[in-house]
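Please walk through this structure with me, one piece at a time. Keep the model in view as you read.

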Amino acid sequence: MPVIDQIPDLVLFGVPALVVVGAVVGLVARRSRGTGEAPPTQVPTTTAAPGDRAPEATPAPAEVEAPTVAAPERAEPGRAEPGHVEPERAESEATPSIEAPEPVAGRLQRLRARLARSGSPLGARLLDVLSRESLGEDEWDELEETLLLADVGAGPTGELVDALRTEVKVSGTRDAASVRALLRAKLVELVDPSLDRALRLEGADGAPAVVLVVGVNGTGKTTTVGKLARVLVAEGRTVLLGAADTFRAAAADQLETWGSRVGVATVRSDKDGADPASVAFDAVHRGRGEAVDVVLVDTAGRLQNKAGLMDELGKITRVVTREAPITETLLVLDATTGQNGMNQARVFAEVAGVTGIVLTKLDGTAKGGIVVAVQRELGVPVKLVGLGEGPDDLAPFEPEAFVDGLLGA
């Protein structure tokens, strides 16, 4: 039969046979991969001739164990995985903690200790002069000069020197203890403990007490507002701050930082240079709505021209009193500025109706006599004193403790 005639038969029977063979081979290969076992290898057998040495058997390759992969441990309940920060914990760490201010009682004792450690030039020089064996005109002139250099003022200085002259002449006091007791009594009398130094912090008709804080920039006015908030919080009062010093850069940020430390909110404007009276009104209005005890308002302290200052503070007063009466106006003075501070005090007393003085930086570096001078000049008491840089270094003024500090007692 010619080959060409056999082609159809080959196609008819050969192709299916190839397909079957391919399917069988594929099935065997798939089964081998699935089980992981290699197909058995046939070892060719050889027949050894007589006298020949039998060939050594080739050792089978060692079985390689697949690496064991440990199953991931299941996290125990309440146990955080390494590197994982729980959302609640992260949130608590990001939230600043609220500070607890120091109690107000006894704060002025720190001033007494600082004045004593510093040597208190005023008290030391007075005691030195009065303890000398003889007191002639030179000694009394030296005493007068010491008081004037300490910013006591001409009027109070003359009164104190005259009183000491009379007392020494009558009693003949010379020993250190008697001189100290005499000087202490006269200085306390000069500082005038009879003045009402309590802050007026009681509102009327459901309104909060409103405290305006005025003063020249640089005296520590905004810092004093923040420290006063801590004093009131320490006494258990609820407080709201009003950042009405809108002309000084970062004044509102500074006040807001002070308030956030003790959980006190701050009412402020979104832009610099906003109307101070508007901010003050918003603070008092919110304070009434939230039924807080005290609203502290920080005002601008520009003295470029007296008329502008009068207009600004007058507008704040008029606008705020529509919502609630102003119960206290505190003037902040730097105790180290001497006569310049007195000039500032006169201007603010004329335009703001000052009811109390806050003397800042009244530590060992201050001359001390300004306490007497400012009270005599303005006719209003020193109510608070700043003792240093710490957040709780603001205290109610106590005449006896202050005089004891001057004398190093």
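A residue is called buried when its relative accessible area is under 20%, exposed when it is over 50%, and partly exposed in between (1.4 Å probe, protein chains only). Take Asp151. Its relative accessible area is 18%, so Asp151 is buried. This is a predicted model: local features need pLDDT of at least 70, side-chain atom pairs count only at pLDDT 80 or more, and totals for chains, interfaces and linings use all residues. Residues are numbered from 1 along each chain as its sequence is written, and side-chain values use heavy atoms, leaving out hydrogens and water.

Asp151 sits in the loop between helix H5 (137-149) and helix H6 (154-171). Helices (H or I, at least four residues) and strands (E, at least two) are DSSP runs, numbered from the N terminus. The phi of Asp151 is near 70 degrees, a positive value in a residue other than glycine. Asp205 is not a glycine either, and has a positive phi of about 55 degrees. Asp205 belongs to the loop between helix H7 (176-191) and E1. Is Asp205 buried or exposed? With 76% relative accessibility, Asp205 counts as exposed.

Now turn to the sheet. Two strands pair if DSSP finds at least two bridges between them. Strands of a sheet pair through backbone hydrogen bonds, either parallel or antiparallel. Here, 8 strands form an open sheet in the order E3-E2-E4-E1-E5-E6-E7-E8, and the pairing is mixed. Strand E3 (265-267) and strand E8 (394-396) stand at the edges with a single partner strand each, so one side of each has no neighbour in the sheet. From one strand to the next, the twist averages 25 degrees. Strands E1 (residues 209-214) and E5 (residues 326-334) run parallel, joined by 5 bridges. Val213 has Leu330 in E5 as its bridge partner.

Contact means heavy atoms within 4.5 Å. Axes are lines fitted to C-alpha atoms, for helices over the stretch in contact, and angles run from 0 to 180 degrees between N-to-C directions. Helix H9 (residues 251-261) touches strand E2 (239-244), E3 and strand E4 (294-299), and its direction makes about 170 degrees with that of E2. Helix H13 (residues 370-378) lies across E5, strand E6 (356-360) and strand E7 (382-386), at about 155 degrees to E6.

H13 also packs with H12, at an angle of about 30 degrees and with the axes 11 Å apart. That makes H12 roughly parallel to H13; angles under 35 degrees count as roughly parallel, over 145 as roughly antiparallel, 65 to 115 as roughly perpendicular and the rest as oblique. Met342, Ala345, Arg346 and Ala349 in H12 meet Ile370, Ala373, Val374, Glu377 and Leu378 in H13.

Ala324 lies between helix H11 (306-321) and E5. Ala324 is buried, at 2% relative accessible area. Ala324 and Ala207 are 117 residues apart in sequence, yet 5.9 Å apart in space, C-alpha to C-alpha. Thr355 lies in the loop between helix H12 (339-352) and E6. Thr355 counts as buried, at 18% relative accessibility.

Finish at helix H8 (residues 221-234). How many of its 14 residues are buried? H8 is mostly covered, with 11 of its 14 residues buried. Among them are Lys221, Gly226 and Leu232. Just after H8, Gly236 takes a positive phi of about 90 degrees.
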